[in-house]
Amino acid sequence: MYTSHSNPDDAVVKLLSDAQAGILPSNEDALALADFDNTRALADVAQELRDTGFHNVVTYSKKVFIPLTHLCRDVCHYCTFAQVPRKLKAAYMTIDEVLEVARHGLSMGCKEALFTLGEKPELRYKAAREALAEMGYASTTEYLKAAAEAVFKETGLLPHLNPGNLSPEELADLRSVSPSMGIMLESASDRLTEKGMPHYGSPDKIPAVRLETLRNAGIARVPFTTGILIGIGETRLERIESLLAIRDIHQEYGHIQEIIVQNFRAKAETKMVNAPEPDLNELLWTIAVTRILFGAHMSIQAPPNLSPGVLPQIVHAGINDWGGVSPVTPDFVNPEAPWPHLEDLTRETAAAGKYLTERLTVYPSYAIDLDTWVHEDLHIRVLDMIDTEGFPRIDEWCPGDVDIKPPVDVMTAIMDAPEHVSADIRTIIDNVKSGEDLSEAEVVRLFQARGDDFTAVVQAADELRRQVCGNTVSFVVNRNINYTNICYFKCQFCAFSKGKLSENLRGRPYDLSDEEITRRTQEAWHRGATEVCMQGGIHPEYTGDTYVNLLRTVKAAVPQMHIHAFSPLEVWQGAATMEMELEPYLHMLKDAGLDTLPGTAAEILDDEVRAVICADKINAAQWLQVMEAAHNVGFNTTATIMYGHVEKSYHWARHLIRIRELQKRTGGFTEFVPLPFVHMEAPMYLKGKARKGPTFREAVLMHSVARLTLHGQIDNIQASWVKMGHEGVKACLNAGCNDLGGTLMNESISRAAGTEHGQETSSEEMRRIIRTLNRNPRQRLTAYGPVSAEREQAGIAAGELTEIINTPAKKYERKRPSSSLVRNDLIAAVEISK
């Protein structure tokens, strides 16, 4: 609870205590802060709130600044941005000039195109009206839309528009080319518009007009930026009243994505050239009050170029964002204040114990709720740019892409010594070490880890790996046999399965003959395999007997071969076609030779997600039901997660916890296998409905957080070389993993989705990868037992694979109507194309 050594009045003491508890001060109570001078006390509360909402992260947007026009009908007494026509070469930048600047920004890694311009200059200047008419536009706003659209289409940069006051119709029109917009309220004080004050003669600075634009933006559902300008003659009470006016509108519409606290800088050739600038204490006081008024989750920004040398103090006052920073263009509004170099900004942010990372012009919480906040024409581009939390992807790595190496910064962070680890992360790690089960909120928090928090999480996971598994890394020599790619389910992430008559898709439909399955099984044995892993599409003519026959075929070919086969989907479908309960059918499979089951078809064990990506597939409860039945029958199984598409981090947390809770009851899971979404050929990505897989940071974290969440329940965490690549799995092996899965020999499903990491990693290559990390390789059986020397030598001596033959599927007439096919009828199907 807040206590003060300066004895403020009881009302402020209670206000600050309530703020720490997450209670926003009322408008009436907030006014009492105007007479409270203890900036340090305010900042202590403010930074605590900021850490609750944003942890150790401070953001910025890498932008290019496009001053579309310097003409403006207003005459603010502190402004040098606005110019008269005679001082300009042209009234407006041309589209070509705009694109030239935008392309330069793109080449420098910018993601935002910030359009700043004067307000409605055509209402004051003939030169503006003539220039617009010559270009074929009726207004500056209309031309702004054309320029923003050109930038978006030509470069992919996301426009952020600051055109001033806008009507509801103008906002709705501009929304189709800009995911965010803004207008600085500056002040809600009418007094500043009186004669002799800075806004006198500026009709667009009338507070009621600007507040109406804020309200219109809320109605239009535009993520909006606003803020106050301090030091222009306003009082502290007027600042608070201005902030409360913003808060009232935000509480109605929820669209204010950030509050900027900007300090006035006196400029030559303005009426306020000799006006005193606000001192540092005034800036820090205002930032802290803003945080307290808006709470833990509002983004509070202060421009770093306006306060050089004191950035750590600004961070300590409660900000979580530096705004746009350009490596290309100057700050045209404050040309006397150059942007800090990003290296310097990173260093000064770190000096405050925080981690600097990028954001988009549309803030993360709005970027992950596109249907609500962003025009549909922009969805595909934004989805392509973001990670699971809505932050931008800051490298080009994607699962399955062999051309892009894992990012150096993440690889380095895994091994770094963390200096500033958030207290809550330390507590969660300590809870794991003491044997406590993590809650959903705690697991989500681990997935949010960035900077030193990320390092702490992955290193804690690796420490647990050493305790549980030592320095041994295991793998199994196996062969994948995907017996058919015909499937009547419509999973939106799957590029492997083929429906009837879909020969134009990636590969022709096939249905392997018994002879080809026999051949592949025998060849696998001769090459050292101890396991065949069998999965395939759900062929409409397959029944439970089909799966029994597949097992008998393998056992007849090589009786010693371990059969790891059939996901819960195949088991569910097989039992249903035989009109059997799950456990009797599983006994039938066991009698036919099934040894263990793969935990695929789990995808995300949350029906919110499954309703989008696999609506007709078994739901989360049914998947868990099959696994529990399998464990009860005596089968060991694996468990998987397929992540990085449409889901959010709380879905990941729910998935892990559901696996953990089942494992507590049955103990049947031998390993957990994260499978990052491979996007290249996935239907839902090609339709613009999914992200392009996890970022590398997220992929590494998935393995680490799995280790921490499942500690004491599942000892083996596996990394998929098919998805992650050889360099990627090395990172995972230093972040909590102890297993590399199978050598595979053939891999069809991920390759169909677009991965290029090959079909086989030989046992010798597995050993080489493991030894480069100074770890001890161990070839294992499916259930993690030891392998005979004979099997090891057979694997080492393995020759080249014979080319596989995918037996062409025979044309068939369905013996059962489509309505009788086994589908999940407990989830309302959601067509991804809608």
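This is a predicted model: local features need pLDDT of at least 70, side-chain atom pairs count only at pLDDT 80 or more; totals for chains, interfaces and linings use all residues.
Is serine 422 buried or exposed? Its relative accessibility is 15%, so serine 422 counts as buried, given that the cut-off for buried is under 20%. Leaving out residues up to four places away in sequence, serine 422 touches His55, Asn56, Arg445 and Asp453.

Next, threonine 213. This residue is part of helix α8. Threonine 213 has a relative accessibility of 2%, and therefore also falls under buried. What does threonine 213 contact, once neighbours within four places in sequence are set aside? The list is Gly164, Asn165, Leu166, Leu171, Ile183 and Phe224. For a distance to check on the screen, take leucine 185: its C-alpha is 9.5 Å from that of threonine 213, and the two residues are 28 apart along the chain.

Helix α9 covers residues 236-253, 18 residues in total. From first C-alpha to last, α9 reaches 26 Å, close to the 26 Å expected at 1.5 Å a residue. Which residues of α9 are buried? They are Arg236, Glu238, Arg239, Ile240, Ser242, Leu243, Leu244, Ala245, Ile246, Arg247, Ile249 and His250. As for what lies against them, the buried residues of α9 pack against the helices α2 (27-30), α8 (207-219), α10 (280-294) and α13 (364-367), and against the strands β5 (224-230) and β6 (256-263). After α9 comes glycine 254, with a positive phi near 70 degrees.

Last, a helix pair. Two packed helices are described by the angle between their axes and by the distance between those axes. For helix α1 (residues 10-20) and helix α3 (residues 39-54), the angle is about 15 degrees and the axes are 9 Å apart. Angles under 35 degrees count as roughly parallel, so α1 and α3 are roughly parallel to each other. Their crossing is left-handed. Which residues make the contact? On the α1 side they are Leu16, Ala19 and Gln20; on the α3 side, Leu42, Val45, Glu48 and Leu49. By type, the residues of this contact between α1 and α3 are 5 nonpolar, 1 polar and 1 charged.

An α-helix has 3.6 residues a turn, so residues three or four places apart point the same way. With that in mind, look again at the α1 contact residues, Leu16, Ala19 and Gln20, and at Leu42, Val45, Glu48 and Leu49 of α3.

Definitions and conventions:
Residues are numbered from 1 along each chain as its sequence is written. Side-chain values use heavy atoms; hydrogens and water are left out. Axes are lines fitted to C-alpha atoms, for helices over the stretch in contact, and angles run from 0 to 180 degrees between N-to-C directions. Helices (H or I, at least four residues) and strands (E, at least two) are DSSP runs, numbered from the N terminus. Angles under 35 degrees count as roughly parallel, over 145 as roughly antiparallel, 65 to 115 as roughly perpendicular and the rest as oblique. A crossing is left-handed if the near helix is turned anticlockwise from the far one by less than a right angle, and right-handed if clockwise. Contact means heavy atoms within 4.5 Å. Ala, Val, Leu, Ile, Met, Phe, Trp, Tyr, Cys and Pro count as nonpolar, Asp, Glu, Lys and Arg as charged, and the others, Gly among them, as polar. The expected span of a helix is 1.5 Å times one less than its number of residues. Buried means under 20% relative accessible area, exposed over 50%, partly exposed in between (1.4 Å probe, protein chains only).
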